[in-house]
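Subject: Structure handover

Hello,

Here is the structure I promised you. Please open it alongside this message; my notes follow below.

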Amino acid sequence: MSETHPFLQAFRGSFSGVLRWPQLDALWEKVLANPTDSWYVYAVGENPPTTTQTSDSLSNIVRELDELLHREHDEDYCGIVYVDNLQQPTYIKVFDPNNLGSTCGSSGNPPLPGWIFSQIPPINLPAAFPQPTNRRHWWQKLFTHAQ
C-alpha cells in the first residue's frame, strides 16, 4: 500500500476534535447541507466502499450513527469524532465508543476509527495499519502447549 495514497495522506493529516455534542450536530448539518457532495462512508474492517452514498442514504447513516454515539458514549461531551476542517469537512473519523483505547495517538498503536466519512475513495485501513497481534500469539502459544 503506497504511503502517498491520498486516503492515507488525509488519514494522517491534521484533525480537530469535536468536543461537544452541539459541535457534532453542527458538523452533521454541514455534511448533509449540500446534497451534491459525494461522501464515502467506510465502516473500518469491512470492505472499503467503491461508491458514494446517495443523499437519502447519507442522511439515514448520519442519523443512525448519531443515535448510536449518543446512546453508547454516555458522557456529557463527545470527544470521539475528529474532522479535517470544522467549517468545510471532507474527512471525518468516528471512533467506536466500545473500542476507544487511546484515540489521541499517545499509545504506540491507537485503535483505528470505527467509521470514516470521506470525499476521497477509501482503501483498506486494517491492511495499511496492522493492529497488534500479541493476544493472538499468546493464544496460539497456549494451544501449542496444551497439545
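One term before the findings: a residue counts as buried when its relative accessible area is under 20%. Please also keep in mind that this is a predicted model.

I started from strand β4, residues 91-94. In a regular strand, side chains alternate between the two faces of the sheet. Strand β4 shows this: Y91 and K93 point one way, I92 and V94 the other. By the cut-off above, Y91, I92, V94 and also K93 are buried.

Next, the neighbours of β4. On one side is strand β3, residues 81-83, which runs antiparallel to β4 and is joined to it by 3 bridges. Within that pairing, V81 stands opposite V94. Strand β5, residues 115-118, is also antiparallel to β4, with 4 bridges between them. Here V94 has W115 as its bridge partner. Y91 stands opposite S118 of β5.

Then the aromatics. The count comes to 5 aromatic pairs. One of them is F15 with Y91, in an edge-to-face arrangement: 5.7 Å centre to centre, with 65 degrees between the planes. Why edge-to-face? Because planes over 60 degrees apart are classed that way, and these stand at 65 degrees. The pair links distant parts of the chain, as F15 lies in the loop between α1 (6-11) and β1, while Y91 is in β4, 76 residues apart. Both partners are buried. F15 and Y91 also belong to one aromatic cluster, together with F7 and Y42.

Last, back to K93. Which rings does its charged end sit over? One is the ring of F11, with the charged end 4.0 Å from its centre. Another is the ring of F15, at 4.2 Å from the centre. F15 therefore has the charged end of K93 over its ring, within the 6 Å limit used for such contacts, and an edge-to-face partner in Y91. K93 and Y91 point the same way from β4.

Best wishes

How values were computed. Residues are numbered from 1 along each chain as its sequence is written. This is a predicted model: local features need pLDDT of at least 70, side-chain atom pairs count only at pLDDT 80 or more; totals for chains, interfaces and linings use all residues. Side-chain values use heavy atoms; hydrogens and water are left out. Buried means under 20% relative accessible area, exposed over 50%, partly exposed in between (1.4 Å probe, protein chains only). Helices (H or I, at least four residues) and strands (E, at least two) are DSSP runs, numbered from the N terminus. Two strands pair if DSSP finds at least two bridges between them. Rings of Phe, Tyr and Trp (its six-membered ring) pair if their centres lie within 6.5 Å; planes under 30 degrees apart count as stacked, over 60 as edge-to-face and the rest as tilted. A charge sits over a ring if NZ of Lys or CZ of Arg is within 6 Å of the ring centre and within 35 degrees of the ring normal.
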